[in-house]
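Below is a short report on one protein chain.

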Amino acid sequence: MQKGELLYEGKAKKLYATDDENVVWVEHLDQATALNGLRKEQIIGKSALNNQISSIMFEKLNAKGIKTDFIEMISKTEQLNEKVEIIPLEVVLRNRVAGSFAKRFGLEEGEVLRNPIIEFYYKSDALDDPFINDEHVKYLGIATDDEIADLKKETLKINEIVKEIWASIDLSLVDFKIEFGRNKAGEIILADEISPDCTRLWDKEGHHMDKDVFRRNLGSLTDVYDEVLRRLQGV
């Protein structure tokens, strides 16, 4: 497989074409951002940790029957993915009160929700990724009623699987953000990544084991991600 031209550069990764039109070459970056990119820092080693963690998670999801864009990890910082057209939605699932959800409703972090709550955010850096509802999604032509229902159903299935994975290494899944894309066949499949960058994880003592360490200046991000990877590799 040969790496081709740069197709896209985001906050945490670069995507390249390959000699297969249906496959993209993904390179994770040693970069952490917060506040929708207003705060940006280079963190050496983060790319390798994120790539390895996400690769393990996607392999486990594929094994459980969840269709994803992940093909294989080809180096500590790179992987091959099926080429998809990303749906401009950030799909957030919340199991506990935390982060912006707590701030929005004036709640204290930590409460376990009676049922998982799914939220949609419109992917637009220029608009600061605004919170939107189902009617907005349909109005913007992002997804149909049936597709919205399928996105929610798949997100709930993913939640149950990854919650069990994290629990097996003594981590509590507080919430996560995932993205979906349409492949060449028109199927909507899980894309992007599942890592501590987009997943809020707490250990048994309530310590943050995710990107909040960076957002809230709680310590070394790479030390935390390294511990998450070490636990996953030990399962």
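## Domain contact

27 residues of domain 1 are in contact with 26 residues of domain 2. Contact means heavy atoms within 4.5 Å. The domain assignment of the chain sets domain 1 at 3-82 and domain 2 at 85-220. Such bounds come from an automatic or database domain assignment. The centres of the two domains, taken over C-alpha atoms, are separated by 18 Å.

This is a predicted model: local features need pLDDT of at least 70, side-chain atom pairs count only at pLDDT 80 or more, and totals for chains, interfaces and linings use all residues. Residues are numbered from 1 along each chain as its sequence is written, and side-chain values use heavy atoms, with hydrogens and water left out.

## The five-stranded sheet

An open sheet of 5 strands runs in the order S1-S2-S3-S7-S6, with antiparallel pairing. S1 and strand S6 (70-75) are the edge strands, and each pairs on one side only. From one strand to the next, the twist averages 30 degrees. Helix H1 packs on the sheet and touches S3, S6 and S7. The direction of H1 makes about 145 degrees with that of S6. Axes here are lines fitted to C-alpha atoms, for helices over the stretch in contact, and angles run from 0 to 180 degrees between N-to-C directions.

Two terms need their cut-offs. Helices (H or I, at least four residues) and strands (E, at least two) are DSSP runs, numbered from the N terminus. Two strands pair if DSSP finds at least two bridges between them.

## Strand by strand

Strand S1 (residues 3-9) pairs with strand S2 (residues 13-18) over 4 bridges, in the antiparallel sense. A hairpin through 3 residues joins S1 to S2. Leucine 6 has tyrosine 16 in S2 as its bridge partner. S2 and strand S3 (residues 23-28) run antiparallel and are joined by 5 bridges. They form a hairpin with 4 residues between them. Leucine 15 stands opposite valine 26 in S3.

Valine 26 also stands opposite glutamine 79 in S7. S3 and S7 run antiparallel, joined by 5 bridges. S7 is mostly covered, with 4 of its 5 residues buried. Buried means under 20% relative accessible area, exposed over 50%, and partly exposed in between (1.4 Å probe, protein chains only). S6 and strand S7 (residues 78-82) run antiparallel, with 4 bridges between them. A hairpin joins S6 to S7 through 2 residues. Serine 75 has glutamate 78 as its bridge partner, and glutamate 72 stands opposite leucine 80.

## The core between the domains

The largest nonpolar core has 45 residues. A nonpolar core is a set of buried Ala, Val, Leu, Ile, Met, Phe, Trp, Tyr and Cys residues joined through side-chain atoms within 4.5 Å. The residues with the most contacts inside this core are Ile158, Val162, Trp166, Leu190, Ile194 and Leu232. At least two core residues come from each of strand S4 (31-34), helix H1 (46-63), strand S9 (89-96), H4, strand S12 (171-182), helix H5 (212-215) and helix H6 (221-234). H4 gives the most, with 7 residues. Domain 1 and domain 2 both give residues to this core, so it lies between them.

## Helix H4

Helix H4 (residues 145-167) has 23 residues, which at 1.5 Å a residue should span 33 Å. The expected span is 1.5 Å times one less than the number of residues. The end C-alpha atoms of H4 are 33 Å apart, which agrees.

The buried residues of H4 are Ile148, Leu151, Glu154, Thr155, Ile158, Asn159, Ile161, Val162, Ile165 and Trp166. An α-helix has 3.6 residues a turn, so residues three or four places apart point the same way. Leaving aside neighbours within four places in sequence, valine 162 is in contact with Met57, Leu61, Leu173, Phe176 and Ile194.

## Aspartate 170

Aspartate 170 lies in the loop between H4 and S12. Its relative accessibility is 40%, so aspartate 170 counts as partly exposed. Not counting residues up to four places away in sequence, aspartate 170 touches Trp202, Asp203, Lys204 and Arg231. Lysine 184 is 14 residues from aspartate 170 along the chain, and their C-alpha atoms are separated by 38 Å.
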